[in-house]
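Here is a short note to read beside the model. Keep the view open and follow the points in order.

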Amino acid sequence: GTNYLVTVSKEGRIVVWDKTLVVLHNLPSAHSLDIKSVSCHPTRNSVFATSGDDGTIKVWDTSKPRPCSTVYSDPDQPPALVSWIPNHENLLLVTSRIGNVFIFDVESKSVISTLYLTDREFRTLRWNLSNGKECALAGDDVKVFVVSVEDGHIKPKYSNQSHSDFVRGLAWSPVDGKLWSSGWDKQVIKHDL
């Protein structure tokens with residue numbers, strides 16, 4: 001199918017673009033507060049998810065007349081980041097603003113598995129696409145975490161605190177599968193899991 005790009009702005013503007021940067025959809029925000037994150041579905045080009053400061057996760061399907069559906073709402077555990085789990089049609093990996101990471105099923109609208117990692121907000125995550133089961137996480141902390149997602153369960157796999165300031169960049173090498181991180185401390189660190 002055709003690949004699309006979805007951009008969101010903090011004040012709520014959502015734009016869906018085609019690969020030539022033609023605007024296909026200019027959607028009004030359904031979040032009452034700032035949008036924190038967006039993730040495009042890995043196989044269904046018309047579907048993406050957003051999370052907001054209003055404590056909600058919304059799933060959008062631009063092929064439908066009413067494209068937006070609220071699938072999660074919890075102001076006590078507001079989502080920070082959302083990401084579709086590779087090779088799983090209906091599962092999102094969600095980080096909360098209070099340090100939890102959980103697997104969320106958008107069909108049943110339920111949390112399947114939860115893991116507490118830190119008391120800080122996560123700002124970035126990256127999947128290891130060579131296996132689709134490992135996800136690196138970092139945020140308002142010096143720590144880098146890797147979690148393993150298999151059979152509907154989330155487990156801690158790795159933790160490192162070599163940085164001396166907030167970690168903002170994560171990347172998995174396509175050559176050797178190693179994880180790299182960068183932080184405000186101006187360090188780039190290679191991690192051996």
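1. Start with a term. Helices (H or I, at least four residues) and strands (E, at least two) are DSSP runs, numbered from the N terminus. Leu24, for instance, lies in strand S3 (residues 23–27).

2. Know the ground rules. This is a predicted model: local features need pLDDT of at least 70, side-chain atom pairs count only at pLDDT 80 or more, and totals for chains, interfaces and linings use all residues. Residues are numbered from 1 along each chain as its sequence is written, and side-chain values use heavy atoms, with hydrogens and water left out.

3. Look at the sheet. Two strands pair if DSSP finds at least two bridges between them. Four strands form an open sheet in the order S12-S13-S14-S15, with antiparallel pairing. S12 (122–127) and S15 are the edge strands; each has a single partner strand, so one side of each is left without a neighbour in the sheet. From one strand to the next, the twist averages 25° (axes are lines fitted to C-alpha atoms, for helices over the stretch in contact, and angles run from 0 to 180 degrees between N-to-C directions).

4. Now take S14 (residues 144–150). Is this strand mostly covered or uncovered? Six of its seven residues are buried, so it is mostly covered. Buried means under 20% relative accessible area, exposed over 50%, and partly exposed in between (1.4 Å probe, protein chains only).

5. Follow one side of S14. Strand S13 (residues 134–139) pairs with S14 over five bridges, in the antiparallel sense. Glu134 has Ser148 as its bridge partner, and Cys135 has Val147. A hairpin of four residues joins S13 to S14.

6. Then turn to S15 (residues 153–160). S14 and S15 pair in the antiparallel sense over seven bridges.

7. Check the cysteines. How many disulfides are there? A disulfide is a pair of cysteine sulfur atoms within 2.5 Å. By this rule the count is zero. For Cys68, the nearest cysteine sulfur is that of Cys40, 15 Å away. Cys68 counts as partly exposed because its relative accessibility is 30%. For Cys135, the nearest cysteine sulfur is also that of Cys40, 16 Å away. Cys135 counts as buried because its relative accessibility is 0%.

8. Return to Leu24. Its relative accessibility is 38%, so Leu24 counts as partly exposed.
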